[in-house]
Amino acid sequence: MWITVGQVHRNVLALASSRSCFILGDHLPFRMLSLPRAVRFHQTASHDTEIVEDKSSALTLASLEVQNKVENGKKERVKRPGGPKPSSRASALKVKPKFSSFNAKPVKSALPKPAVVRKTLKIDESLFSAKSFEELGLPPLLIDRLNKEGLTAPTEVQSAAIPIISQKHDAVIQSYTGSGKTLAYLLPILSEIGPLKRPTEQPSTNKRSDVDAVIVAPSRELGMQIVREVEKILGPNDKRLVQQLVGGANRSRQEEALKKNKPFIVVGTPGRISEISAAGKLHTHGCRFLVLDEVDQLLSFNYREDMHRIIEHVGKKSGTSSRDILGPLARRSERQTILVSATIPFSVIRAARSWGHDPVLVRAMSVVPLDSITVPRPVLSQTGPNSNSPSNSVNQAAVDSLPPSLEHYYCTSKAQHKVDTLRRCIHALEAQTVIAFMNNTKPLKDVVFKLEARGMKATELHGDLGKLTRSTVLKKFKDGEFRVLVTNELSARGLDVPECDLVINLDLPTDSTHYAHRAGRTGRLGRKGTVVTICEETETFVVRKMRKQLAVPIKPCEFTEGKLLVHKEEDVE
Ligand SMILES: Nc1ncnc2c1ncn2[C@@H]1O[C@H](COP(=O)(O)OP(=O)(O)OP(=O)(O)O)[C@@H](O)[C@H]1O
């Protein structure tokens with residue numbers, strides 16, 4: 001039987017995250033489960049979006065692995081017709097690292113040899129499938145706008161997601177960082193609502209005071225980035241039809257804009273959206289789309305109450321109450337729910353599945369019904385005592401979240417010498433746009449001070465800065481005024497600085513999921529990128545553990561005399 005489009009009763013709202021769980025409506029037991037090692041769908045290929053046949057035998061991510069390997073063998077590299085607009089800064093970037101041999105040890109490096117000619121960051125064209133936006137059935141007005149913005153062909157995850165969302169499925173979109181997930185959900189939404197939508201004979205049933213789409217993101221930066229993306233597509237005349245509702249900004253101005261502009265789409269952070277909704281200034285009962293971007297973070301304990309309200313109210317069918325006599329079936333909403341992240345722990349799949357409505361898991365080259373995904377066997381230490389532990393589930397979520405174009409290294413340094421190591425690393429790799437991550441806010445200033453004292457333009461970004469300062473810092477960094485952005489976890493998710501060619505971990509990330517999101521700030525859309533973790537000698541076992549969990553080579557190295565020296569390590573897997 002093929003997957004069909006259909007409205008089935010949405011039953012229970014149950015949300016669970018890898019770290020915590022909250023439950024709306026009926027109670028569901030919460031167990032931490034893990035994702036299997038899944039195939040790297042992000043390897044380059046071009047073929048049609050595939051809906052996997054729902055035969056009676058259960059489909060699993062593991063079974064997909066086999067299938068995809070077969071498909072990969074048939075892949076052809078396809079030239080992308082046209083391409084994205086080259087960024088002015090990108091064209092000025094130089095990314096060739098310098099190398100030399102190291103002692104008598106054989107030195108192994110996957111990076112290119114030193115070159116005198118400096119290169120620009122190039123996009124991997126094979127990331128784009130053969131399909132055009134026209135073939136995906138997007139409306140002409142929308143395609144016009146995309147072309148005007150230099151967007152001529154969809155990426156693989158867009159090719160997979162657009163038809164599925166257009167068919168009204170609830171969807172979980174998982175694809176590696178920088179693969180274009182934002183447009184993967186925005187384009188089918190903008191095909192249905194707003195000024196660029198496809199012409200339809202049916203009059204809208206939505207009250208004009210209700211918004212049609214709510215997009216939730218965990219940080220102001222990511223929220224604003226999504227707003228800019230929508231504004232870009234809508235064009236200058238219609239950009240007021242998207243409204244940001246992020247925290248830290250003036251709330252009454254946001255409320256006035258809602259009243260005056262009557263936007264059809266709002267993008268914001270959980271706290272501000274639920275605050276304005278609770279005040280009766282944001283009407284979402286008639287809403288058709290709810291998107292949770294970085295869903296695994298949004299479903300964590302921190303956002304529990306706000307997310308509860310959003311999920312209960314957005315698209316809520318009128319005339320139903322949460323204590324309806326018919327129980328959860330009667331509480332179903334009319335909205336389509338789209339969950340997005342590079343890292344999807346099994347708990348998110350289970351939560352989405354419990355919402356009903358034919359939910360599917362969309363990845364770059366496959367679409368499967370969530371019901372077919374079985375509790376995964378853990379990838380690592382399958383017989384180990386903690387194989388089903390929460391942390392294992394979190395770690396498994398990170399597999400397949402990293403862009404294939406990244407190079408990963410680690411080097412050791414005493415804590416007091418880390419900034420010097422950072423500086424030597426930047427010089428050796430000739431990196432131009434660097435994001436350095438730390439775990440706490442306080443030491444950021446000190447690192448900036450030390451870098452500036454050594455003549456390297458640097459700035460800090462963290463949540464204690466005001467909204468205006470945060471956006472100014474980010475803009476200046478994007479514009480190339482600073483070479484290094486020293487930041488904390490705030491910038492790890494979703495932040496799109498296409499020119500970023502080096503990510504540094506000055507402190508170890510908490511786990512492999514955090515490593516993946518930090519690393520994903522470079523190597524965007526197939527560009528080259530390097531990730532270097534600077535740790536103390538006693539911490540190297542953590543890096544080796546993450547290397548296993550992520551299934552990527554993180555090679556030991558050092559930076560000497562302006563060069564990257566890659567060590568050979570016997571146990572690199
Ligand atoms: N079809 C396309 N053609 C050209 N550029 C594109 C296309 N789709 C997306 N992009 C660009 O690719 C970059 C990465 O996209 P996006 O931020 O959506 O990635 P993502 O998968 O959401 O990453 P993350 O997981 O880090 O949030 C952005 O600069 C975006 O404008």
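In helix H9 (residues 304–313), which residues are buried?

Reply: This is a predicted model, in which local features need pLDDT of at least 70 and side-chain atom pairs count only at pLDDT 80 or more, while totals for chains, interfaces and linings use all residues. Residues are numbered from 1 along each chain as its sequence is written, and side-chain values use heavy atoms, leaving out hydrogens and water.

The buried residues of H9 are Met-307, Ile-310 and Ile-311. Buried means under 20% relative accessible area, whereas exposed means over 50% and partly exposed lies in between (1.4 Å probe, protein chains only). Helices (H or I, at least four residues) and strands (E, at least two) are DSSP runs, numbered from the N terminus. Down the axis of H9, the buried residues fall within an arc of 95°, so they line one face of the helix. That arc is taken from the directions between the helix axis and the C-beta atoms. An α-helix has 3.6 residues a turn, so residues three or four places apart point the same way. After H9 comes Gly-315, whose phi is positive, near 70°.

Among the buried residues of H4 are Lys-181, Leu-183, Tyr-185 and Glu-192. H4 is followed by Gly-194, which has a positive phi, near 85°.

The shell holds 23 residues, the closest being Gln-158, Lys-181, Thr-182, Asp-496 and Arg-524; a residue belongs to it if one of its heavy atoms lies within 4 Å of the ligand. The side chain of Thr-182 has an N or O atom 2.7 Å from an oxygen atom of the ligand, and a polar side-chain atom of Asp-496 lies 2.5 Å from a ligand oxygen. The protein buries 94% of the 640 Å² that the ligand exposes when taken alone, with areas from the Shrake-Rupley method and a 1.4 Å probe.

Pro-359 lies between helix H10 (346–354) and strand S9 (360–363), and it is buried, with a relative accessible area of 9%. Pro-359 and Thr-343 are 16 residues apart in sequence and 17 Å apart in space, C-alpha to C-alpha.

Conventions. Polar contact = N/O pair within 3.5 Å; in protein donor to acceptor, adjacent residues only side chain to side chain.
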